[in-house]
Amino acid sequence: KLKWLVLDEADRLLDAGAKEGGMRKQVESIVSYCTSVNKVVRTNSRSSKGGSSGGTLSAWRNVLVSATVTKEMEALSTRILMNDAKPTKVNKWVWIRPEPNSTNSPANSKTPAPNDVTNTPNDVTNSTPRQLAQQYLMVSAKLRLATLVAFLVARMRLNERVVVFLSTCVSVDYHTKLFQSMNSILGGNNDEEQGLFGRDTLIEHLHGNIPQSERCKILHKFADSKASTQNQRGAILFCTDVAARGLNLRGIHYILQYDPPSEISEYVHRIGRAARAGEAGRALLFLLPSEKGFLDVLETKVGSGEVSALSWSETLKIASGICEDVTREGLQLAGTGYQGGREGGGQGNGGLSRRGEAFVLAIQARLEDCVITDDLETRRKSAAAKQAQQQLEKQQSKDSKTKKKKPKPTKTEEGGMLLTLARQSYFSHLRAYPTREKALKLFFFTPGVAPGSRGEIVRAAGSSENSGARALEQEAENGVSGG
């Protein structure tokens, strides 16, 4: 007596790709079973007068739930769920959209009326909620990481909750560990506290390589950071697209796509973590100047309405005002030979104010110092452990009477964890960058990302200071030129 069959995240359930474990076959098996059982019930069903019901039992209703329901998925659903039945007045798909909520909407939406149930889906057009304000930030590759810090400074000062999407698991690990390892830049009495934004800010990570049990703990911890509006902690969740679907995270103020999505549909699912259940929300997309054409694709394919530009110089100006100590530190560095500095209160590179330029300089220096210090400390401990091991072996070789087995060599780390993650993150980002769907390959190509990755990740690791890093950069350049 099946009445309803609901497929949540229907586009993934009906996808035959190996990426999702071939869930389409499981859905087909379930539907086949339900159909066979329904036929038995219909055959054996009796009317109230004792006669056969003659097939009067109504069929179940299929419901497909997804932020990205396409025409192709509708045709696939008809084949799988309805045995290719021709549409009739009763047997047909009805396209349902939510009523607009204009009271909480910060966005200037220009999408058609969403309550028109006669329309059929066209790609993923009009899939974004009206109350979601969408923004983009155009920034050069070498300043991306410092700009990310500057943007998050203002958000954490207000104790907001931000989800940051990156393209690879190791990139998530690197940014999380880096931000957790640094001292606070928010000033006050907590400068020496671990964590870039102080002890009161939660910095967590989430990706597919983390065991399921650990993922649940992380999500509960992130959810607990919003105990109430009055006692809310600032929180940052670095994640991959594993968090783009199926998570109902409460009170998300910003969705930040630090790495653009590999598929247009994933853009919709990512920003769908905010502005849920009628609440207002915002989404910010980081882009390189060479990637600006991606905005036209969003307008055409998603019908995203107005995606407004967030001022880069204003973002740095706000951060420099909040982090006065960092800004003064940058001004001092600029006064000791920094070529990007300017005299007086004039403008720096690309119209960037001197204070904003100083903030960037100081943040880059602190990021590099954090990675270099971690690397040197790890190497020092590694050398001490090797020396202790050698002394032990030397002592045992002198003692000819001992019959103890020779101890196994102690495994030691050759380099710092942050520097190792930085290098791995660079190469994983380089491999993932060109793996975009066909409509996006024009704007995302490997030669355009090579300087950015080197400037963003390897530079942040401070590795340009040593010969090993120069060899790494050369290796990366050879890898790019070799295709």
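Me: How do you know what counts here, in numbering and in confidence?
Reply: Residues are numbered from 1 along each chain as its sequence is written, and side-chain values use heavy atoms, with hydrogens and water left out. As the model is predicted, local features need pLDDT of at least 70 and side-chain atom pairs count only at pLDDT 80 or more, while totals for chains, interfaces and linings use all residues.

Me: Why is strand 1 said to be joined to strand 2?
Reply: Two strands pair if DSSP finds at least two bridges between them. Strand 1 (residues 4–8) and strand 2 (residues 61–65) run parallel with five bridges, and Asp8 has Val65 as its bridge partner.

Me: What makes strand 5 and strand 9 edge strands?
Reply: The open sheet has seven strands in the order 5-6-4-7-8-3-9, with parallel pairing. Strand 5 (202–206) and strand 9 (307–309) each have a single partner strand, so one side of each lacks a neighbour in the sheet. From one strand to the next the twist averages 20 degrees. For strand 9, three bridges join it to strand 3 (residues 132–138), with Ser308 as the bridge partner of Gln135.

Me: What packs on the sheet, and at which angle?
Reply: Helix 5 (residues 169–181) does, touching strand 5 and strand 6 (235–239), and its direction makes about 165 degrees with that of strand 5. Helix 7 (residues 264–271) lies across strands including strand 4 (161–165) and strand 7 (254–257), at about 150 degrees to strand 7. Those angles run from 0 to 180 degrees between N-to-C directions, with axes fitted to C-alpha atoms, for helices over the stretch in contact.

Me: Why are helix 4 and helix 11 called roughly perpendicular?
Reply: Angles of 65 to 115 degrees count as roughly perpendicular, under 35 as roughly parallel, over 145 as roughly antiparallel and the rest as oblique. The axes of helix 4 (residues 144–157) and helix 11 (residues 354–398) cross at roughly 110 degrees and come within 9 Å, so the two helices are roughly perpendicular to each other.

Me: Which residues meet there?
Reply: Contact means heavy atoms within 4.5 Å. Leu145, Ala146, Val149, Ala150 and Val153 in helix 4 meet Phe359, Val360, Ile363, Gln364 and Leu367 in helix 11.

Me: Is Thr240 buried or exposed?
Reply: Buried means under 20% relative accessible area, exposed over 50% and partly exposed in between, using a 1.4 Å probe and protein chains only. Thr240, in the loop between strand 6 and strand 7, has 8%, so Thr240 is buried. Beyond neighbours within four places in sequence, its contacts include Phe165, Cys169 and Leu206.

Me: And what is Ile318 called?
Reply: Ile318, in helix 9 (residues 312–322), has a relative accessible area of 42%, so Ile318 is partly exposed. Ile318 and Val153 are 165 residues apart in sequence and 8.7 Å apart in space, C-alpha to C-alpha.

Notes. Helix = DSSP H or I, 4+ residues; strand = E, 2+ residues; numbered from the N terminus.
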